[in-house]
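Subject: Structure handover

Hello,

Here is the structure for your files. My notes on it follow below.

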Amino acid sequence: MRLPPFQTLIDRHGREVHRYLAACVGPIDADDCWQDTMLAALRAYPGLRDDRNLRGWLLRIAARKVLDSHRATRRRPVPVADVPERGADSPPPPDPALWRAVRRLPEKQRAAVTLRFAADLDYAAIGDVIDCSEAAARQNVRAGLAGVRREWVR
Amino acid sequence: MNPIDMTELARRAAEEGILDVAYATVDAPFGRMLVAATPQGLVRTAFDKERTDDVLSELSDRISPRVLEAPARLDGVRRELDEYFEGRRTEFSTPIDWRLSRGFLLRAREACATIPYGQVRTYKELATAAGSPEAVRAAGNAMAKNPIPIVVPCHRVLRTGGALGGYGGGLECKRWLLDLESGHLRL
């Protein structure tokens, strides 16, 4: 199988992965998570047996790094400092408070909502990343949105 | 600020030993060149005429798909090329990774790499130096498909009688390089 040069993956999907990570772990930790994601991907890349969905593959690795990051910061208070200034290349999620509510959702719902709205994946692709069916992915997004709405109206 | 820090990624990948092919671009007097290296040494140089995507795909297929743009890994050869193009360097000390050449092609290119700055050989002489005096056409082929032009100086090989022969970077470029090395170029 012919895999494209790894740099091509970064050029095509690097920003999208970063956007997803920023939505999941916040803009401060996103840079480190991005490095860890790409390094893990580069490590595994030559052994990859299926090149049909490289974007989904990268996002799946990113989702695992998000889990690691949440485990590592679980006992730390959630940072509520101002979002640092960023260039136009990677706009932060439009409403930081809203995304903080997303980050308080249960793991699968959070992943599903972020993949849907920060990475713009369809439900089949979300299921692929978080390892569930398309229907379950749809259900997780719906439940996640309901959770955010509940928190949001308070 | 670009949130994507390639420098840091390349640094960590190299440290871990998983940066198999690093590449960068160099500004040459006749256009941009691509240079690529493995941890063993310089493995590929390419003129503007070859599309970057094609060269990178070739490296991905033939060496490893772990290909990253990592200019810092090529600082040595980039500096040597700059000096060469300015007429301040007559030989390259950067190590060469010969893995894209084998058999007679390898022998011909290794023989080519020993032709000194400012001198020229014929394809016939090159074939002889590579151990097969009859293989003049194959020697021409080894030069035409030289994966490391400039550093492996295939521009120093001419037709018997002095005609330029061919050149991957174009005949203009071959003439420019020969003028540079003969001191006829006003820099």
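Two strands are taken as paired if DSSP finds at least two bridges between them. Helices (H or I, at least four residues) and strands (E, at least two) are DSSP runs, numbered from the N terminus. This is a predicted model, in which local features need pLDDT of at least 70 and side-chain atom pairs count only at pLDDT 80 or more, while totals for chains, interfaces and linings use all residues. Residues are numbered from 1 along each chain as its sequence is written, chains are lettered from A and ligands numbered from 1 in the order in which they are written, and side-chain values use heavy atoms, with hydrogens and water left out.

Strands of chain B

Strand S2 of chain B covers residues 31–38 and pairs with S3(B), residues 41–46, in the antiparallel sense through 5 bridges. Thr38(B) is opposite Gly41(B) of S3(B), and 2 residues lie between S2(B) and S3(B) in a hairpin. S2(B) is also antiparallel to S1(B), residues 21–28, with 7 bridges between them. Here Asp27(B) has Arg32(B) in S2(B) as its bridge partner. S1(B) and S2(B) are likewise joined by a hairpin, through 2 residues. Of the 8 residues in S2(B), 6 are buried (under 20% relative accessible area; exposed is over 50%, partly exposed in between, with a 1.4 Å probe and protein chains only).

Chain A

Chain A has 7 helices and 0 strands. It has 154 residues, of which 47% count as buried. Contact means heavy atoms within 4.5 Å. Taking contacts in chain A between residues at least 6 apart in sequence, 65% join residues at least 24 apart. The chain exposes about 8,200 Å², with 50% supplied by carbon and sulfur atoms (Shrake-Rupley method, 1.4 Å probe; for residues, only the protein chains shown count as cover).

Nonpolar cores

A nonpolar core is a set of buried Ala, Val, Leu, Ile, Met, Phe, Trp, Tyr and Cys residues joined through side-chain atoms within 4.5 Å. The largest one has 87 residues, and Tyr20(A) and Ile150(B) touch the most other members. Helix H1 of chain A, residues 6–25, gives the largest share of this core, 9 residues. Another core, of 12 residues, lies apart from it and includes Tyr23(B), Ala36(B), Leu56(B) and Leu100(B).

Beyond its neighbours within four places in sequence, Tyr20(A) has contacts that include Leu59(A), Val66(A), Thr114(A) and Leu115(A).

Regards
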